Structure formats: C-alpha cells, structure tokens
Amino acid sequence: MVDKSIVGTEMGGSFMMVERGKIMEFAKAILDDNPVYFAEDPPAPLTFTMASAHWPPPTGGGGGAKLTELGLDLLRVLHAGQEYEYLGEIKAGDTLTSRSRISDVSEKEGKRGGTMTFITSETTFTNQRGEDVLLARTILVQTSKAAS
Amino acid sequence: MDLKNVHFEDLQEGDEITDWPPVENISRTHFVRYAGASGDFNPMHHDDTVATKVGYPSVFGHGMFSAGLLSHFVTDWVGVGNVRKFAVKFKGQLYPGATLTLSATVTKKYKEGDENRIDADLLVVDDKGTTIINGSLTAALPSRG
C-alpha cells in the first residue's frame, strides 16, 4: 500500500551534461537517422533525458532507494507511462540540473482483480542559464501482486 | 528518415498519418543497444533466463525504446523543435521478432498565442495487433501564410 501523503515529497535530482556523442548514440539506439543528430550543434532527441534517470545525483543516493523509502515494492512496479512538456531548447553542450517530486498518487481496480496504484513523479530540468527547459512526468504502477 | 516538413495548412482534424514505414524485425540487439544508450540495464530487457523465470515468454523491449521509435516518427512528421508535448502510455510488451506500425490521428487544430498548434493521438501496434503504446502529441507548426 502506498500512502497518498507521499504527494509533494522531494525526490532529489540529477546533473547531466548533454554530450554530442551521447546524442548520436541515443539517436542510433532509437533508430533515428535524422541528420540533425549527427551534425554540428545537435538538439537532444525528445526522450533523451531518460538517460539521466539512471545517473545518480551528485550528492549520492539513486532514485531506486528513494522509491523504496516511500513504500514502493520495486518487484511490483512497472513503468506505465511518460509525459514531456518542452519549455525550451536542449542542445549539445548544455548542462541540465533536475529536481523531482511526487506529484500524484491514485488507485484503480485492475481488470484481473487487485488494486493498481499509480504514482507520478514530476521532474523539472533547468539549464546552465537557469531556464526551465523540460518538464517530465514518470508514471509508475504498482500492482497488488508481483508480476507473474 | 522521412522528413515531411508539414505545415499547419496541410493538416485537418481527423487526418490519419499511416504512411510511415513499419519498423521490422525487432531484435534483442535493439534492446541491448537501447540499454547501453539509456543506462537502463533492467535484466527483463536482455536476460532471457531472468525474464522467463518470472513468467514472460522472453525478454521484451524497454517501454522507452518503443517511445523512442515513436519520437522519431513524430519529429520526422512535425519537425524537430516543433514538439510542445509528447506523452506515452505503455499498453503491451514488445517481443523480439515483432514488426511495429506507427501512426497518428490529428484530433485538434487551434491557435495558442502566436502558435498554430495541432493535437494528435499516437499509436504503436505490433504485427499481432497488440497495442504497444497509446500516445499523444501537441506540436506548433509553421504556416505557409
């Protein structure tokens, strides 16, 4: 059971350098052959910042540990959805600082019985000029039983 | 790559974009390359031993791998830099061997401030008819005017 009182909890953040080589690698991984990603001064692909979700914040402590502290059982948690609002440009050479917080918790009855709990964390990415350039929402679902 | 340079005047509400070439023969190598690029090394996406032990028929793709394929379709269609919102819901697992069809339906055409915007529903379906992603898009398009 995930308590609704976790809404508003700060989840820490990450620090990411937007590197040209990483943009090329990411574009290749999503089979995107648009030449803008392989030329000078490339923009970041739409989902590029996912790569920072797995980078620990500079102060230590990854996202996983925090989620378990909030009562989530990672064996029963799946990535249900992802949403982006693009507020500004992200290009190679930028440095992005992110901060995350739990923005919503809701419950729904599953089709095969059992309750599904949806947990939304919202992450704001800010560039080296202090401009908020991206709002990302990660929606996780925790099932009442382990996936089997 | 299929850059369309679409303009606001080219689209009407209800238009369906279905001419994107299918993404064929999804393989474990695709998942491994996405794991490396994204840093997501959840073994469900590359280790058949782990995936079958918990009841899946095999490894399956990262949801964000399929979302990445969809983002390619979206930016080739409306243009890099024109996307204002992009959202995905993961509905089904993507298994090796699948072929994916990606499509969009324009749901709304409107002005927002100075921008000519469209909203669209997005869909990723495999060759068995399983929905992999339901998505949505908001884009600001250039005008011919």
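Reader: Which residues have the most contacts inside the largest nonpolar core?

Author: A nonpolar core is a set of buried Ala, Val, Leu, Ile, Met, Phe, Trp, Tyr and Cys residues joined through C-beta atoms within 7 Å. A residue is buried if 20 or more other C-beta atoms lie within 10 Å of its own, exposed if 12 or fewer, and partly exposed in between, with the C-beta atoms placed from the backbone. Here the largest such core has 60 residues, and those with the most contacts inside it are Phe26(A), Leu69(B), Leu70(B), Val74(B), Val83(B), Leu100(B) and Leu137(B). The largest share of this core, 9 residues, comes from α3(B); helices (H or I, at least four residues) and strands (E, at least two) are DSSP runs, numbered from the N terminus. Please keep in mind that this is a predicted model, in which local features need pLDDT of at least 70 and side-chain atom pairs count only at pLDDT 80 or more, while totals for chains, interfaces and linings use all residues. Residues are numbered from 1 along each chain as its sequence is written, and chains are lettered from A and ligands numbered from 1 in the order in which they are written.

Reader: Which residues does Val83(B) touch?

Author: Two residues are in contact if their C-beta atoms, placed from the backbone, lie within 7 Å. Not counting residues up to four places away in sequence, Val83(B) touches Leu46(A) and Tyr86(A), together with Val74(B), Thr75(B), Val78(B), Leu137(B) and Ala139(B).

Reader: How many residues does each chain give to the contact?

Author: Chain B gives 31 residues and chain A gives 27 residues. On the side of chain B that touches chain A, at least two residues come from each of α1 (28-38), α3 (63-78) and β2 (83-90), and the largest share, 11 residues, belongs to α3(B). Sorting by class, with Ala, Val, Leu, Ile, Met, Phe, Trp, Tyr, Cys and Pro as nonpolar, Asp, Glu, Lys and Arg as charged, and the others, Gly among them, as polar, that side of chain B has 16 nonpolar, 9 polar and 6 charged residues.

Reader: What is the order of the strands in the open sheet?

Author: Two strands pair if DSSP finds at least two bridges between them. The open sheet has 10 strands, with antiparallel pairing, in the order β1(A)-β3(A)-β4(A)-β5(A)-β2(A)-β2(B)-β5(B)-β4(B)-β3(B)-β1(B). β1 of chain A and β1 (16-17) of chain B stand at the edges, each with a single partner strand, so one side of each is left without a neighbour in the sheet.

Reader: How many bridges join β2 of chain A to β2(B)?

Author: There are 5 bridges between strand β2 (residues 77-86) of chain A and β2(B), and the two run antiparallel; Glu85(A) has Lys85(B) as its bridge partner. Within chain A, β2(A) also pairs with strand β5 (residues 132-142) over 9 bridges in the antiparallel sense, where Gln82(A) has Thr138(A) as its partner. Strand β3 (residues 95-109) of chain A is joined antiparallel by 6 bridges to strand β1 (residues 10-17) of chain A, with Met17(A) opposite Thr95(A), and by 12 bridges to strand β4 (residues 115-126) of chain A, again antiparallel, with Arg99(A) partnered by Thr124(A).

Reader: What angle do the axes of α1(B) and α3(B) make where they cross?

Author: Axes are lines fitted to C-alpha atoms, for helices over the stretch in contact, and angles run from 0 to 180 degrees between N-to-C directions. The axes of α1(B) and α3(B) come within 10 Å and cross at roughly 90°. Angles under 35 degrees count as roughly parallel, over 145 as roughly antiparallel, 65 to 115 as roughly perpendicular and the rest as oblique, and α1(B) and α3(B) are therefore roughly perpendicular to each other. In this contact His30(B), Phe31(B), Tyr34(B) and Ser38(B) of α1(B) meet Met64(B), Phe65(B) and Gly68(B) of α3(B), and the residues divide into 4 nonpolar, 3 polar and no charged.

Reader: Why does Phe65(B) count as buried?

Author: Phe65(B), found in helix α3 of chain B, counts as buried because it has 26 C-beta neighbours inside 10 Å. Leaving aside neighbours within four places in sequence, Phe65(B) is in contact with Ile30(A), His30(B), Phe31(B) and Tyr34(B). In α1(B), the buried residues include His30(B), Phe31(B) and Tyr34(B), and this helix is followed by Gly39(B), whose phi is positive, near 85°.
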